[in-house]
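User: I'm new to this one. Can you walk me through the charged pairs and then some helix packing?
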Amino acid sequence: MSDVEAQYENYPYPARDPAEERRRLVEGSPSALAEIRHYVFAGRPLPAPFRALIAGGGTGDAAIQLAQHMADAGLEGEVLYLDLSRASRTVAEKRAEARGLANLRFETGSLLDAASHGTFDYIDCCGVLHHLEDPAAGLSALAQALVPGGGIGLMLYGRIGRRGVYDAQAVLRALSGADEPLAGRVALARAYLANLPATNWLALNPAVGDHRTGGDAGLVDLLLHGRDRAYGVEEMWDLIEGAGLTLSRFIPAARYDPAFYLDDPELVRRAGRLGAREAHATAEQIAGNLKVHVAYAVKPGGKGPRGPARLAPDAVPVPHRLDMAALARVLGTGRTPPVGFDGLTRPLRLPPGADEVVRLIDGRQTLGEIAKGLQGGSRADRTRQAAAVTDALIALGLCLLRSG
């Protein structure tokens, strides 16, 4: 058993209590069903039966979320959980049992052997590739298991946003004995964290918090991991393309747009001249807090459109983890509410008249119908207004599109 495998047997991550399934569903990105539809299948209905693989399922967050979303939507199919850690699998199985999820199946094994389990319409690989000896080989193995036109949701560590983490890892390696057991290293790490000066980069980093809130499992995963590398956004882009996949979108897209962080008009104008890759990398450098990169990618081929959904009169804007009615009430008062990401707060910048558009986004009306419901201006003006507001909400991860 490798050091990495032993770590997850002793400290399954993230720490989860199956009893909490009665009270909440842990949701996140990637692998929310509405996101998969928007970013992989261009907003159109998912294939049925739908087959998904959770490659490196850990204690089950992605597997439970996707299986529950499929059950709630009445989408026929199967989610296959795959992980090397039996301890992690046990936690995930108990969580699935608590929910009565009959569409979730469990296997113990390596994601490098994903193709031996058949082909999949969608694969989730969240927080796993950066722990492999050869991340490129891992992603290529997953790409081989995708059907043509299928998609993958990825999360990899961001190098700039994890500032302080790798310094702490180096210190703890230097202070640990060569044969010191992991439990002893955990105690050493706790003592070290209690002695950090205020100027330490880890102490200054608001985006990283597993060592504070994730219990021993979170501390081990962050600071004592046996194999851990991080990526700049362009490196991740290269990794995706190297596996024969096409990037759909980094999400939320606003965080990869320099204009999201800049107020000076001339700086915004100059940033607008950058190509996509350079703009993404520039935004990462400006923000400083992108501790992870979440992206969707698509395998070429298949029937019908693939990649992110496009704004169109027959597309239906669907709220995503946001109460649109509450937002409309705030906007109607003339206030500009804040939006926050990992310690950074920015004003929610939406086009004029956004409150009218937001009030009409209910997950049922199309963009064309929303435009008709707006007051004043020409038909073309109302169409542009509805599209502009919806596009801004999508960029912030607050709205997605459904079509077909």
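Analyst: A definition to start with: a salt bridge is a side-chain nitrogen of Lys or Arg within 4 Å of a carboxyl oxygen of Asp or Glu. Also, this is a predicted model.

User: How many salt bridges are there in the whole structure?
Analyst: The search finds 27 salt bridges.

User: Ok, take R95. Which side chain does R95 meet in a salt bridge?
Analyst: R95 meets D61, at 2.8 Å from N to O. The two lie 34 residues apart, with R95 in helix α4 (residues 86–99) and D61 in helix α3 (residues 61–73), and they link distant parts of the chain.

User: Is R95 buried or exposed?
Analyst: R95 counts as buried, because its relative accessibility is 0% and the cut-off for buried is under 20%.

User: Which residues are linked with R95 in a network of salt bridges?
Analyst: The network joins R95 and D61 with R16, E21 and R99.

User: Next, D228. What does D228 form a salt bridge with?
Analyst: With R162; the closest N and O atoms are 2.9 Å apart. This pair also links distant parts of the chain, 66 residues apart. D228 is in the loop between α10 (215–223) and α11 (233–242), while R162 is in the loop between β5 (146–157) and α6 (165–175).

User: And are D228 and R162 buried or exposed?
Analyst: Both D228 and R162 are buried.

User: What about R346, which residue does R346 form a salt bridge with?
Analyst: The partner of R346 is D263, with 2.9 Å between the closest N and O atoms. R346 sits in strand β10 (residues 344–347) and D263 in the loop between β6 (246–251) and α12 (265–271), which puts the pair 83 residues apart.

User: Buried or exposed, for R346 and for D263?
Analyst: R346 is buried, because its relative accessible area is 11%. D263 is exposed, because its relative accessible area is 55% and exposed means over 50%.

User: Switching to helices. At what angle do α6 and α7 pack?
Analyst: The angle between α6 and helix α7 (residues 182–194) is about 125°, and their axes are 11 Å apart. That angle is why α6 is oblique to α7.

User: Left-handed or right-handed crossing?
Analyst: The crossing of α6 past α7 is right-handed.

User: Which residues meet there?
Analyst: From α6, A168, V171, L172 and L175 meet L188, A189 and Y192 of α7. By class, that contact has seven nonpolar residues, with no polar and no charged ones.

Note on methods. Residues numbered from 1 in each chain as written. Predicted model: local features only at pLDDT ≥ 70, side-chain atom pairs only at ≥ 80, totals over all residues. Heavy atoms only, no water. Helix = DSSP H or I, 4+ residues; strand = E, 2+ residues; numbered from the N terminus. Buried < 20%, exposed > 50% of the residue type's maximum accessible area, 1.4 Å probe, protein only. Axes fitted to C-alpha atoms, helices over the stretch in contact; angles between N-to-C directions. Parallel < 35°, antiparallel > 145°, perpendicular 65-115°, else oblique. Left-handed = near helix turned anticlockwise from the far one by under 90°. Contact = heavy atoms within 4.5 Å. Nonpolar A, V, L, I, M, F, W, Y, C, P; charged D, E, K, R; others polar.
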